[in-house]
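Please open the structure in your viewer and keep the selection panel at hand.

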Amino acid sequence: MARTDVQLMLDVKAGDEQSFALLLHRYRTPLVNFLYRMVRNREQAEDLAQEVFIRVYRARADYVPSAKFTTWLFRIATNLALNSVRDTRHQRMEVSLDAPVTVDSEEGDERPLDVAEKNPNIEEHLVQEAERDMIRHAIDKLPEKQRAAVLLHKYQDLDYGEISKILSCSESALKSLLFRAYETLRVELAPLVALRAKS
Amino acid sequence: MSCTRMESRLLGYIDGRLKEKEQREMEKHLAACPACTVRVNEFRSVGSLLDELPQIEPSAAFDVRVRARIAAEPVKQEWWSWLGAAPRVLVAASMLLLATVWVGHRPADSTRVASSDGDESQIMQDQDLPVLENYDVLANFEPLTELPQPVSADDSSEQEM
């Protein structure tokens, strides 16, 4: 039977480095994705995810399983992401309209699209990518805390209690935050929803 | 239930996290309110759109970099951990400690223990210690042997008679 996160962390505390490798393997992808969606930069997201794991490792001696491991992990990640977003806000630039169109940007293959490529689904692929950009842009436009709340709620399968602890707010404040965020997304994505309803 | 109150429960309803009573109230309201029904459907559509964003995989270098940073972390040691790491030092330190305790507690002079004269004689002995230390010198000091012998108490009484 697989050891729980808490058991693994207690083993790390006892000096078992292999348990830390298991935690790294378990949470590297969700953590990098959460941070990538927060900061919109893969390299920065990976740097921040590294920092999260290092902080967890450094805190191993003082670890007490008073809360769920994921709450602790994503709390560190959220704080780092919010600080990073605030620090780099002035550097963020709108994507230039004449920037080369790319494909598979989420898979990490950001090569410019070769239109001459013999791809029968090229138009479909372009439409799909444009729709994804629209969704990403709608998420990006949310205030940082609302964005973090939506990402934790939608992609990390955490309950309201956990998310409210991560964001250091009450559960009712979180519900209100999430409602405002989804309401903004509903308005922003209304054209896409309407388009889907027609097709 | 009002539309405003419905708002606070809307996400819980979509997530299936409402209590049974709240769920029934919500369904009753939605059956009578087309505007809220549209909103619930739109929220669900937004949720489906968010599901369409693909996940990214961390780069191949990610794990390597994390492991390298972990390896570069200074080893945190408790104050006593060096003892565990060096058993010889532990043994030597224990022996030194035992020796110190033994020396500190052993009787300084065996004659003190053996003495049965009590505390008073012990104090006198301590006071005469410099004389006792020079006992051999005094005992073998020839000029002292030529001195007249002290008169004992018995002798003096005989002279009075």
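Two residues are in contact if their C-beta atoms, placed from the backbone, lie within 7 Å. This is a predicted model, in which local features need pLDDT of at least 70 and side-chain atom pairs count only at pLDDT 80 or more, while totals for chains, interfaces and linings use all residues. Residues are numbered from 1 along each chain as its sequence is written, and chains are lettered from A and ligands numbered from 1 in the order in which they are written.

**Stop 1: chain A.** Select chain A, which has nine helices and zero strands; helices (H or I, at least four residues) and strands (E, at least two) are DSSP runs, numbered from the N terminus. Of its 199 residues, 28% count as buried, that is, 20 or more other C-beta atoms, placed from the backbone, lie within 10 Å of the residue's own.

**Stop 2: helix H6 of chain A.** Next, select residues 144-155 of chain A, the 12 residues of helix H6. Buried residues of H6(A) include Gln146(A), Val150(A) and His153(A). What covers the buried residues of H6(A) includes helix H2 (17-39) and helix H8 (171-188) of chain A, together with H3 of chain B. Just after H6(A), Asp157(A) takes a positive phi of about 55°.

**Stop 3: Ala149(A).** Which residues does Ala149(A) touch, not counting those up to four places away in sequence? They are Ile163(A), Leu167(A), Leu174(A), Leu177(A), Leu178(A) and Ala181(A). A nonpolar core is a set of buried Ala, Val, Leu, Ile, Met, Phe, Trp, Tyr and Cys residues joined through C-beta atoms within 7 Å. In the largest such core, of 48 residues, Leu35(A), Val52(A), Ala77(A) and Ala149(A) touch the most other members. H2(A) gives the most to this core, with 11 residues.

**Stop 4: the interface.** Now display both chains: 27 residues of chain B are in contact with 30 residues of chain A. On the side of chain B that touches chain A, the largest share, seven residues, comes from H3(B). The predictor gives the complex an ipTM of 0.82 and a pTM of 0.70.

**Stop 5: confidence in chain B.** Confidence in chain B is highest in helix H3 (residues 34-51), at a mean of 94, and lowest in helix H12 (residues 153-160), at 49. Over residues 156-161 of chain B, pLDDT stays under 50. Where pLDDT is low, the predicted coordinates should not be read in detail.

Technical notes
pLDDT = per-residue confidence, 0-100. Buried ≥ 20, exposed ≤ 12 C-beta atoms within 10 Å, placed from the backbone. Expected span 1.5 Å × (residues − 1).
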